[in-house]
Structures are given as C-alpha cells and as structure tokens.
Amino acid sequence: MVNKKFIYADHAATSALDPEAFEAMKEFLVDNFANPSQPYSFARNAKKAIQNARKTIAECINADEDEIFFTSCGTESNNWVIKSILYQNQKKGIITSNIEHHAILETCKRIEKFKDYYSTYIQVNSNGLVNPEALKKQFNIYNDVYLTSIMYANNEYGAIQPIKELASISHQNGSLFHTDAVQAVGHVALDVKDLNVDMLSSSAHKFNGPKGIGFLYVKKGLDIPSLINGGSQEKGKRAGTENVASIVGMSTALKNNCNKLKENAQHIIELEEVFLRKLKESNLDFICNTNVNHIPGNISLSFKGISGETLMHRLDLKGIMVSTGSACDSVKNQTSHVIKALGVPEDYAYGTIRISLGKENTEDEIEEIFIAIYEIVKSLTA
C-alpha cells in the first residue's frame with residue numbers, strides 16, 4: 001500500500017496499483033514465468049491466464065474477447081490506429097480535435113509528412129465539446145476521410161464527448177471511428193457495442209493497473225495492419241512476447257473498478273462538490289474549466305494573476321500532489337494546448353492546475369487541499 005505521508009490528487013496522471021492486481025501478478029513473475037507461446041505443459045498456465053484476462057477485459061466494455069489486443073500503453077494503441085492509414089491506398093484523411101492527447105496530435109503530425117496524407121482539427125466549443133454539426137461540416141469539405149478520432153474524455157478537464165453521435169456521423173460518411181478512452185475506462189460505464197466505435201484505446205495504469213500495459217479494442221471484421229512486426233502473438237497483429245503478469249494485473253484491476261463503478265463515482269463526486277463549494281465561497285478569483293458532464297473528480301482550475309507552476313510546487317512543498325495539466329507534457333513550462341483551445345483568458349490560463357481525485361481520497365484530504373490552495377493563492381496575489 002502507498003505510504004500516505006502526502007496527499008495524492010493527480011489520479012489522471014497515474015493511479016496506485018490495486019493490491020489484488022499486485023497479488024495476481026506475482027505468480028507470473030516468480031513461479032509461472034513461462035513464455036506462453038511455447039507448446040510444452042509449463043506454458044499452459046501463462047497461456048490460459050492471458051485468455052482469461054482477455055475475456056475479463058472484453059466483458060468490462062461489452063466486447064468479444066477476440067476484439068481485445070494487448071499493447072504496452074494507450075500511446076502505442078493510438079499510434080497503431082492512426083498509422084494504419086498508411087497501409088491502405090483509398091483514403092488519405094484523418095479528422096480529430098484540437099484537445100486530443102499528444103499521442104494523437106503528434107502522430108497525426110507525423111502522418112502529415114507523408115505525401116497526400118492530411119489531418120484536420122475540429123475546434124471545440126466553449127464547453128470543451130466537439131459539436132456534432134462541426135464534424136458534419138468537416139465531411140462536407142473532405143470526401144476521402146479514413147478515420148475520425150475523438151477522445152472519450154479529456155485528460156485535462158475531464159469533459160465527456162458525445163461519442164455515440166460522433167461515431168454515427170462518421171459511419172454515415174464512410175469513415176472509421178476511434179476513441180482514445182484512456183481517461184474513461186474503469187471510471188465510467190463503457191459499452192463499445194452501444195457506442196458503435198470501431199476502435200478504442202486504454203491504458204492500465206489509469207485504472208489501478210500496472211504501468212507499461214494497455215489494450216486496443218478493434219471491432220470484429222475490421223482488419224488493421226500490424227504496428228509491430230515479428231512473431232505471431234496477438235493473432236499476428238502485435239509481435240513480441242506477452243507481458244503475462246501485467247496483462248493479468250490489468251484485467252484484475254479493471255474488473256475490480258468496474259464492479260464498484262457507481263460506488264467509486266459517488267464517493268468522488270461528493271468530494272468534488274465539497275471542494276468546489278469551499279472554493280466558490282472563498283472569493284478567490286478563478287475559473288473552473290470543468291463545467292460539463294465529466295469524469296468524476298477531474299477538476300481544472302485557472303487562478304487569475306498567478307503561475308500554475310508556482311502553485312503546483314508550493315502545494316508539493318506541503319505534501320500535496322497536483323499537476324498543471326497532462327503528465328505527458330509536464331516538461332514544457334507553458335500553457336497547454338487544451339487550455340488555449342478552451343479560450344481561457346491569458347491572465348487566468350497561466351494559473352491553471354489540475355486536481356484529479358480518486359477513490360482513495362478522503363474528505364479530510366479535500367479540506368487540506370482547499371486550505372493549502374487558499375493560503376498559497378492569497379499569498380501570491382497579496
């Protein structure tokens with residue numbers, strides 16, 4: 001268990017490993033360490049563990065088990081989907097949005113370097129949502145779109161996009177539809193059949209699984225090319241010896257989270273409401289960027305006239321862990337592309353932090369976070 005000498009409020013960056021997942025992993029790290037691709041009896045337990053994990057994960061998102069492909073993370077899954085455009089010759093375009101994770105945006109930029117391939121970016125509205133009408137307009141402009149990729153929930157302000165409607169519009173216009181659901185899987189109920197998405201990316205460490213493992217859902221009947229070539233693992237679609245322990249840990253963590261989705265969400269929402277009420281009553285000058293249907297506990301705040309970077313470090317000195325935005329972009333000391341896309345005024349945007357609560361947080365911790373923020377912001381604006 002985590003030694004709680006500090007308050008962790010950055011669950012959108014990563015989450016603590018589920019104790020049951022850790023226990024399930026140990027067997028395949030120490031005793032049943034066989035390569036599951038080998039034909040002898042010692043490898044059977046490892047092979048069966050992978051099969052069971054695939055079935056468990058499929059059940060959690062209402063997929064079929066042969067639609068689940070194991071990857072190293074959400075970034076790899078996103079790269080696999082986007083780069084698949086290069087292996088077909090009929091269509092050249094990708095539609096995405098301007099608030100996507102860098103795993104999507106940077107891969108699209110890479111695709112644009114190839115002759116005739118292009119990406120187009122939908123601007124989100126003032127609520128941080130992709131308007132379905134805006135997607136329709138893109139299809140009125142472009143008639144050779146291979147893929148539409150819109151994230152299920154934003155990693156910086158948590159807004160949940162109208163994925164089912166966007167997927168329907170894409171299909172009506174002959175485009176495949178993918179969603180980066182890294183922030184959503186294990187935190188909200190997901191049904192890939194109801195959403196009618198063609199592909200969905202996920203990463204275990206966001207839902208209390210181990211780091212370095214993820215999965216890609218690929219709808220049955222869709223044949224996308226391999227990103228990693230070599231052996232015949234994952235039905236020949238993703239070469240490399242399977243990370244058995246992490247696959248088992250991922251499925252265990254996801255099942256445990258899905259079994260308590262409503263309970264966890266209710267707890268986190270109550271904490272969020274308490275925190276925001278205290279903040280609003282404090283008379284601090286801030287904007288809450290999380291103002292629509294969102295992932296429980298994902299709170300983006302922009303304080304006027306201060307540095308979010310400074311606020312984050314001052315909180316760190318008090319033993320409180322928050323972020324200024326995406327963990328994958330933390331080395332760049334600048335306003336994120338997401339906050340810019342929301343149109344947050346510059347004198348507020350520079351003072352942005354993200355607080356992302358998890359099921360382990362308590363009301364006492366919320367009180368400590370509020371007091372610390374109040375005292376720091378007051379001192380910085382005095």
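How many residues apart in helix 5 are Glu133 and Lys136? Here are some notes on that pair and a few other spots in the model.

1. Glu133 and Lys136 are three residues apart in helix 5, which means that about one helical turn separates them. Their side chains meet in a salt bridge, at 3.2 Å from N to O; the term stands for a side-chain nitrogen of Lys or Arg within 4 Å of a carboxyl oxygen of Asp or Glu. Glu133 has a relative accessible area of 45% and is partly exposed, and Lys136 is partly exposed at 34%. For these labels, buried is under 20% relative accessible area, exposed is over 50%, and partly exposed lies in between (1.4 Å probe, protein chains only). Helices (H or I, at least four residues) and strands (E, at least two) are DSSP runs, numbered from the N terminus.

2. A word on the basis: this is a predicted model, in which local features need pLDDT of at least 70 and side-chain atom pairs count only at pLDDT 80 or more, while totals for chains, interfaces and linings use all residues. Residues are numbered from 1 along each chain as its sequence is written, and side-chain values use heavy atoms, with hydrogens and water left out.

3. The salt bridge count comes to 13. One of them joins Asp64 to Lys193, with the closest N and O atoms 3.4 Å apart. Asp64 sits in the loop between helix 2 and strand 2 (68–71) and Lys193 in helix 7 (residues 192–195), so the pair ties together parts that are 129 residues apart in sequence. Both ends are partly exposed, Asp64 at 28% and Lys193 at 44%.

4. Glu375 forms a salt bridge with Lys318, and here the closest N and O atoms are 3.8 Å apart. Glu375 belongs to helix 13 and Lys318 to the loop between helix 10 (308–317) and strand 11 (320–321), so this pair ties together parts 57 residues apart in sequence. Glu375 is partly exposed at 44%, and Lys318 is partly exposed at 45%.

5. On the surface, Glu270, Glu273, Glu363, Asp364 and Glu368 gather in a patch of negative charge. Helix 9 (261–281) and helix 13 (363–381) are the elements that give two or more residues to this patch, and helix 13 gives the most, with three. Glu368 lies in helix 13 and is partly exposed at 46% relative accessibility. Patches take residues with over 30% relative accessible area and no salt bridge, joining like charges within 9 Å and nonpolar side chains (Val, Leu, Ile, Met, Phe, Trp, Tyr) within 5 Å.

6. There is a nonpolar surface patch too: Phe33, Tyr40 and Phe42 make one of about 330 Å². Phe42 is in the loop between helix 1 (19–30) and helix 2 (44–60), and is partly exposed at 34%.

7. His294 is in the loop between strand 9 (286–288) and strand 10 (298–303), and at 17% relative accessibility it counts as buried. Its C-alpha is 7.7 Å from that of Tyr157, although 137 residues separate the two in sequence. Leaving out residues up to four places away in sequence, His294 touches Tyr157, Gly158, Ala159, Ile160 and Glu272, where contact means heavy atoms within 4.5 Å.

8. Tyr142 lies in the loop between helix 5 (132–141) and strand 5 (145–149) and is partly exposed at 27%. Beyond its neighbours within four places in sequence, Tyr142 is in contact with Tyr118 and Thr120.

Note on methods. Accessible areas come from the Shrake-Rupley method with a 1.4 Å probe; for residues, only the protein chains shown count as cover. Lys and Arg count as positive and Asp and Glu as negative; His and the chain ends are not counted. The place of a charge is taken as NZ of Lys, CZ of Arg, CG of Asp or CD of Glu.
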